[in-house]
Every structure is written in structure tokens, then in C-alpha cells.
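Here is a short tour in questions and answers. Keep the sequence and the model in view as you read.

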Amino acid sequence: MRLCFASNNAHKLDEIRPLLPAGTELLSLADIGCHEELPETQDTLAGNARQKAQYVWDHYGVACFADDTGLEVTALNGEPGVYSARYAGPQRSATDNVAKLLRELQPHPNRSAQFRTVVALIEPTGEVQEFAGVVDGIITDTASGVGGFGYDPVFQPVEGDGRTFAEMTTEEKNKTSHRARAVAGLVAFLNKSA
Ligand code: IMP
């Protein structure tokens, strides 16, 4: 089965590829000739995931799925949430986002947070399916590790050995991550409908 993942994030593609059923050909946006930025103007993760997947379906006619992820920090009332990518401004810089997060959290003893991913799949019939995944963790005081991307250097999953996601291999991150959990729902659905 040929399935497009509506993202330009190479890290996400690397995480997702090993999770898909054997025989699935995962296509990136570049593979289908899509080089424009996808619209992402909704105010929920599910809305953005649907919007991105729907855009690819409408303009390229390819079966595809998209994800949208937010970091929800308890002491910040769930922020940055759906605005995680632009937390420190429109430049979407991971370094700036992490610096702002550590600054905002500095006075708060409660460091708990969760990553939440919603995956939206457009089936070849045009129907939409949604799958969610969550991982609980804490935000560390300083950044550690060079792997992963985004907020990974300051996110330590609760079900772990004290390392941040950025200190893990992709395989290790995939054992507990929000995205791997959402993709597990997608894979179960694909296997059921195969
Ligand atoms: P999006 O899902 O690509 O829109 O991501 C929203 C924001 O969360 C961006 O700043 C990403 O870098 C960040 N992000 C998404 N997934 C992850 C992850 O697995 N680890 C760390 N940061 C992430």
C-alpha cells in the first residue's frame, strides 16, 4: 500500500517508517511533488491534523495521513499546546521554544507535562479516521541530548530511566512516545481493513 505522510519533518518520517506494516510504501510530501507549506490554521490538534491530510487528498489525490502534536504543560495551564511550534514566535525555532519554556517554567515547582499527538488518516475513499497518543513526563531544568527534535531535549518520559527523549535512540523513543502510540492506532486500523 502506498501512503503519504503529510509532513516535511524528516525526524517524524524516520520515527514512523519502522512502525508501519511491512509492505507499506511511505511517501513524503517531496515524493508526491508537494513543496508548498500545508495549511495549519485550526485551534485544535485534531483540526490541524485533518486540515493537513485533507489538503494533500484534495490537491494530490493520494491516500495520506498527517499528525499534529502539542506539548501540554500542567503549570502553564496546558500551554503551549496547539501553539507549540510557534511558542517563541513565527520563526518556529526549537532552540527559542525550549528557552522560552524553561524561562516560563522557572518559578514553578510542578514540572509535569504531556505530549499529545493526533493522527488523521484520509482513506482511499476520502473518509477520515483519527488516532491519538499521549505520553506523560516532566520538563527538565536544562536541555540534555542531541537526538530527536523540538522539545525532546527537555522532555523526560515518566515511564523511562531518567533520560530525555533527545538522549534516546529512535527505537527507544518509539517504545513510549505519543507519536508511536497514535501510529499504533493507525496501524491496527490499517491491518484490520487490509
Ligand atoms: P507539529 O506537530 O510538527 O506541528 O509540532 C508542533 C511543535 O511540537 C513543534 O515545535 C515540534 O518541534 C514539537 N514536536 C512535535 N513532535 C515532537 C516530538 O516528538 N518531540 C519533541 N517536540 C515535538
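**Loops, strands, ligand and a helix**

Asn77 has 75% relative accessibility, so Asn77 counts as exposed. The model is a predicted one.

Q: Where is Asn77 found, and what is its phi?
A: Asn77 is found in the loop between strand S3 (64-73) and S4. Asn77 is a residue other than glycine, yet its phi is positive. Most residues other than glycine have a negative phi. For Asn77, phi is near 55°.

Q: Does Arg92 count as buried, partly exposed or exposed, and which value decides this?
A: Look in the loop between S4 and helix H3 (94-105) for Arg92. Its phi is positive, about 50°, although Arg92 is not a glycine. Arg92 counts as partly exposed because its relative accessibility is 36%.

Q: Is Ser28 buried or exposed?
A: Ser28 sits in the loop between strand S2 (25-27) and helix H2 (45-60). Leaving out residues up to four places away in sequence, Ser28 touches Cys4, Phe5 and Leu13. Buried means under 20% relative accessible area. At 13%, Ser28 therefore counts as buried.

Q: Which residue in S6 is the bridge partner of Val119?
A: Strand S5 (residues 112-122) and strand S6 (residues 128-139) pair in the antiparallel sense. Their pairing runs over 11 bridges. In S6, the partner of Val119 is Phe131.

Q: Which residue in the hairpin of S5 and S6 takes a positive phi near 95°?
A: The hairpin has 5 residues between the strands. The residue with this positive phi is Gly126.

Q: Which residue in S7 is the bridge partner of Ile138?
A: S6 also joins strand S7 (residues 155-157). The two run antiparallel, with 3 bridges. In S7, Ile138 has as its bridge partner Gln156.

Q: How much of the ligand's accessible area does the protein cover?
A: 15 residues surround the ligand, and the closest are Lys12, Asp152, Lys173, His178 and Arg179. A polar side-chain atom of Asp152 lies 2.6 Å from a ligand nitrogen atom. Lys173 places a polar side-chain atom 2.8 Å from a ligand oxygen atom, and His178 likewise has one 2.8 Å from an oxygen atom of the ligand. Of the 480 Å² of accessible area that the ligand has on its own, the protein covers 91%.

Q: How far apart are the end C-alpha atoms of helix H5?
A: Helix H5 (residues 178-193) has 16 residues. At 1.5 Å a residue, the helix should span 22 Å. The model agrees with this, because the end C-alpha atoms are apart by 23 Å.

Q: What covers the buried residues of H5?
A: The buried residues of H5 include His178, Ala182, Leu186 and Phe189. Among the elements covering the buried residues are strand S1 (2-5), helix H1 (10-16), S3, S5, S6 and helix H4 (170-176).

Q: Which residue caps the N-terminal end of H5?
A: Look for a side-chain oxygen 3.3 Å from the backbone nitrogen of Arg179. The capping residue is Ser177.

Methods:
Residues are numbered from 1 along each chain as its sequence is written. This is a predicted model: local features need pLDDT of at least 70, side-chain atom pairs count only at pLDDT 80 or more; totals for chains, interfaces and linings use all residues. Side-chain values use heavy atoms; hydrogens and water are left out. Helices (H or I, at least four residues) and strands (E, at least two) are DSSP runs, numbered from the N terminus. Buried means under 20% relative accessible area, exposed over 50%, partly exposed in between (1.4 Å probe, protein chains only). Contact means heavy atoms within 4.5 Å. Two strands pair if DSSP finds at least two bridges between them. A residue is near a molecule or strand if one of its heavy atoms lies within 4 Å of it. A polar contact is a pair of N or O atoms within 3.5 Å; within protein, one must be able to donate a hydrogen and the other to accept it, and residues adjacent in sequence count only if both atoms are side-chain atoms. Accessible areas come from the Shrake-Rupley method with a 1.4 Å probe; for residues, only the protein chains shown count as cover. The expected span of a helix is 1.5 Å times one less than its number of residues.
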